[in-house]
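Subject: Structure handover

Hello,

Here is the structure for your set. My notes on what turned up in it follow below.

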Amino acid sequence: MKLSDFDFDLPETLIATRPAVPRSSARLLVAEADTIHDQHVTDLVEWLRPGDLLVLNDTKVIPARLFGTRARTSAQGETTARIEVTLLEPRSDGTWSALVKPLKKLRVGEEVRFSADLSATLAGTADGQGHLQFNLKGDDFDVALAQAGAMPLPPYIAAIRAADARDKVDYQTIWAANSGAVAAPTASLHFDAALMEALKARGVATTYVTLHVGAGTFLPVKVDDVTAHKMHAEWGQVSARAAQDIADAKAQGGRVIPVGTTALRLIETMARDNGVSPWEGETDIFIYPGFPFRVADGLMTNFHLPKSTLMMLVAALMGQDRIKHIYEHAVTQGYRFFSYGDASLLLPETHTDKTDTTKS
């Protein structure tokens, strides 16, 4: 299984840099085992059945990108350097792991000031990352970070434009609750209050799990044999309530459909470790063709980067040949790709219980 097996040609014009407005007006490609339907996210109600369960990731993206200044005094006078920081995760010693650019311009013990209230000292380095000790903790840190930080947009958007105030709303789900992610569960960005009400009226249930999406989600696969790739670890939790909701849906014949690859990876980790039961910890599960799915009956997800682990995941769900055809259709029909792009509903087994069988 080679990396090139998951490559495809994608015109740059199809890479979305802003989301659809309103959120649920984005397009939705519905792919069953043998048919493809061009829809909109608002049509999701027609493709889900009463008793189906959507599994939603309630992680909250922190404004993890910071721009600061390091000052240094020497015999030649004071010099400054601009420092860019992307927070990754808090460490057990109270510091934060972070990507620091340029790391070589910062010495251990030096301070970087991000605002009048927020600063950090470089406490150490490891594996190309900096360990930052901030001057604030708890709620004070959260408030200062919210004021000084920017949303950590994916690299392919950040290379085109800087994050702005709109992204603090656009790059957050409407149900975000548990802070800790440095990337959004982007399939969930398509949901608004009106769509949630329509799903509830249809009899579609929802439950919430937490997976804090890390910056590693954007790391490229660097090995030709994809089975040798090592996934980044991310912290997640399936509560007793969520596990019971999943078990109940299965017992009653409903389909369990995670919204986003993060939710899917988490519930499949749970099932692999404990069956359908509460779970908490770090997961580095790698899903590629041949993976035995134990919980997910489908997936709602955005369109992914060529040669990415997420392309391998959707190929595992739908089959490699089938996913190639789905993506060829998406490109031909002008679907918008990646984090702010359109969505797909992937249903590996044909189902016939639709309210409107005339969809084209």
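A residue is called buried under 20% relative accessible area, exposed over 50%, and partly exposed in between. Aspartate 284, at 30% relative accessibility, therefore counts as partly exposed. Please keep in mind that this is a predicted model.

Salt bridges

The count comes to 15 salt bridges. Aspartate 284 forms one of them with lysine 230, and the closest N and O atoms of the pair are 2.7 Å apart. Aspartate 284 lies in the loop between β15 and β16 and lysine 230 in the loop between β12 and β13, so the pair ties together parts 54 residues apart in sequence. Lysine 230 is exposed, with a relative accessible area of 62%.

Aspartate 52 and arginine 255 form another, with 2.6 Å between the closest N and O atoms. This pair ties together parts that are 203 residues apart in sequence, because aspartate 52 sits in the loop between α1 (44-47) and β3 and arginine 255 in the loop between α6 and β14. Aspartate 52 counts as buried at 2% relative accessibility, and arginine 255 is buried at 10%.

Lysine 250 also forms a salt bridge, with aspartate 297, at 2.9 Å between the closest N and O atoms. Lysine 250 is in helix α6 and aspartate 297 in the loop between β15 and β16, so this link joins distant parts of the chain, 47 residues apart. Lysine 250 is partly exposed at 32% relative accessibility, and aspartate 297 is partly exposed at 27%. Separately, Arg18, Arg161, Asp164 and Asp167 are linked in a network of salt bridges.

Helix α6

Helix α6 covers residues 240-251; at 1.5 Å a residue its twelve residues should span 16 Å, which agrees with the 16 Å between its end C-alpha atoms. Which residues of α6 are buried? They are Ala242, Ala243, Asp245, Ile246 and Ala249. These cover an arc of only 160 degrees around the axis, so they lie on the same side of α6. Ala240, Arg241 and Ala251 are exposed, on the face turned away from the buried side. The cover over the buried residues includes β3 (53-57), β12 (205-211), β13 (234-238), β14 (256-258) and α7 (261-274). Just after α6, glycine 253 takes a positive phi of about 85 degrees.

Strands

Strands β5 (residues 65-74) and β6 (residues 77-90) pair in the antiparallel sense over ten bridges, and they form a hairpin with two residues between them. Glycine 68 has isoleucine 83 in β6 as its bridge partner. β5 is also joined to strand β8 (residues 111-113) by two bridges, again antiparallel; there, arginine 70 has valine 112 as its bridge partner.

Nonpolar cores

The largest nonpolar core has 48 residues, of which Tyr171, Ile326, Tyr327, Phe337 and Leu346 touch the most other members. Elements giving two or more residues to this core are β1 (27-31), α3 (155-158), α8 (309-318) and α9 (320-332). The largest share, eight residues, comes from α8. A second, separate core of 24 residues includes Leu28, Val30, Leu44 and Ala343.

Regards

Definitions and conventions
Residues numbered from 1 in each chain as written. Predicted model: local features only at pLDDT ≥ 70, side-chain atom pairs only at ≥ 80, totals over all residues. Heavy atoms only, no water. Pairing = 2+ DSSP bridges. Helix = DSSP H or I, 4+ residues; strand = E, 2+ residues; numbered from the N terminus. Expected span 1.5 Å × (residues − 1). Buried < 20%, exposed > 50% of the residue type's maximum accessible area, 1.4 Å probe, protein only. Arc of directions from axis to C-beta. Contact = heavy atoms within 4.5 Å. Core = buried A, V, L, I, M, F, W, Y, C linked by side-chain atoms within 4.5 Å. Salt bridge = Lys/Arg side-chain N within 4 Å of Asp/Glu carboxyl O.
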